[in-house]
Amino acid sequence: MFMKYPITSAFLRPAVSALFGAAALLLAGCTSPGEPVTAPATPSAPAAQPVSASGAKPVAQTAVVPGAQPGSCCTLPSEAAEVPNRLPDPHRSKAADAGKLEPTVVEKAPAPGPAPEGMAWVPPGRFSMGSDYEPFEDARPLHSVEVDGFWMDQTPVTNAQFAKFVQATHYVTVAERKPDPKDFPGAAPEQLVPGSVVFSPPSEAVPLEDMSQWWKFVPGACWRRPEGPGSGVEDRQKHPVVHVSWEDAAAYAKWAGKRLPTEAEWEYAARGGLTGKPFVWGDAFRPGGKAMANTFQGRFPSRNSKGDGWERTSPVASFPPNGFRLYDMAGNVWQWCADWYRPDYYAASPAKNPQGPSDSFDPAEPGIPKRVHRGGSFLCTDQYCSRYMPGGRGKGAIDTGTSHLGFRCVRSPHGAAGKASPV
């Protein structure tokens, strides 16, 4: 649908007053291109190894590839010359006041029964939630969190799975609905048409201060037509569904007898038993030169070299799983969580099974209610947005879907259990 707030504070407002929703990248928590850039360097010593509650052998951690420079390997060496700036190296850019990093503890709790189809058991445990990466200001302080065990979808919800939901319920997504004129005072009737925001790369390099250079509202774009009229999902049945709002994701979860994960559940699951590693799989972004997630290679946003094999979304499970047998916990598509977004929540978060704050506040766009996104997408890159890191947070207006935003579901051991905060 047309979103109620601008993609940036002024994006397309001169052309269509109050038509667009919260920032497709700002709402996704992407870091500012103006942040300082440091040269990559050899990583520091690995963080403490996780231990099980019973004192069992520590969970194996991915070692740093000898000679590798984790901060430099987000782009292939052959492409490095054309990329002028990068975000800081995660191994060197540490916030001094981040808080104490505690070792991850994964309890030896067996699954409570056979796995529901397509789901994996995430055992209960304790971990340090958040990030000491300097640019991630809203992911501090690091704080110890304990979570109960739960089932989690091994992959984001696919187009094929979402189609079954729509067929069974006749559900119409927010992007497919005609906007209510009451929500868009001053907009011409011909402008109030269904649609969504689509990544539309420019033909040449552009400054990174103006997101309207690569994000366009496309009438008719929705989960069935990811790039708008003329596109489709017939050949993308195993790709994650996109253009889903929080409302759409919550409706699917309810139909499936599941729920959206809390932010704490999502991060604990994404880390897969590792302690404080910058990436879901360990220390090096490309261990041994191998792509571990669907992210952006080349020069952002104009030229994606497809070094990982994909220009936009990829079929789910195209890359290795993490320690909990979960796929696509980094890159491919951002994923909705149940929690409202507040940048100050971590300072007051409960130590056990936090459910998120009772309301939403984003200083960048006060008054726009937002939920948390996690995981990054195929557009994340160390040139602009590196929130494919497990501690990185995203945020999105609850009525807004984009071409790089999807979701996955969880289920408590004895049913869906637990309700997300009301819209």
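**Cysteines.** I looked up Cys-222 and noted it as buried, with a relative accessible area of 1%, where buried stands for under 20% relative accessible area, exposed for over 50% and partly exposed for the range in between, with a 1.4 Å probe and protein chains only. I then turned to Cys-337, which is also buried, at 0% relative accessibility. I searched the whole structure for disulfides and found zero, taking a disulfide as a pair of cysteine sulfur atoms within 2.5 Å.

**Basis.** I am reading a predicted model, in which local features need pLDDT of at least 70 and side-chain atom pairs count only at pLDDT 80 or more, while totals for chains, interfaces and linings use all residues. I number residues from 1 along each chain as its sequence is written, and side-chain values use heavy atoms, with hydrogens and water left out.

**Overall.** I recorded three helices and 15 strands, which are DSSP runs numbered from the N terminus (helices H or I, at least four residues; strands E, at least two). Of the 423 residues, 58% count as buried. The protein exposes about 16600 Å², of which carbon and sulfur atoms supply 55%; accessible areas come from the Shrake-Rupley method with a 1.4 Å probe, and for residues only the protein chains shown count as cover. Among contacts (heavy atoms within 4.5 Å) with a separation of 6 or more, 74% come from residues 24 or more positions apart.

**Helix α2.** Which residues of α2 are buried? In this helix, residues 246–255, I listed Trp-246, Asp-248, Ala-249, Tyr-252 and Ala-253. They share one side of α2, because they cover an arc of only 165° around the axis, the arc being that of the directions from the helix axis to the C-beta atoms. These buried residues pack against α1 (159–169), β11 (334–340) and β12 (370–374). At the N-terminal end I found Ser-245 as the cap, with a side-chain oxygen 3.3 Å from the backbone nitrogen of Glu-247. This is a polar contact, defined as a pair of N or O atoms within 3.5 Å; within protein, one must be able to donate a hydrogen and the other to accept it, and residues adjacent in sequence count only if both atoms are side-chain atoms. After α2 comes Gly-257, whose phi is positive, near 70°.

**Sheet β3-β6-β15.** I traced an open sheet of three strands in this order, with antiparallel pairing; two strands pair if DSSP finds at least two bridges between them. β3 (119–122) and β15 (410–411) stand at the edges, each with a single partner strand, so one side of each is left without a neighbour in the sheet. β3 and β6 (residues 150–153) pair over four bridges; among the partners I noted Met-119 with Asp-153 and Ala-120 with Met-152. β6 and β15 pair over two bridges, and Trp-151 stands opposite Arg-411 in β15. Both faces of β6 are covered, with Phe-150 and Met-152 buried on one side and Trp-151 and Asp-153 buried on the other.

**Gln-297.** A polar atom of its side chain lies 2.9 Å from the backbone oxygen of Thr-295. The C-alpha atoms of Gln-297 and Gly-309, twelve residues apart along the chain, are separated by 9.8 Å.
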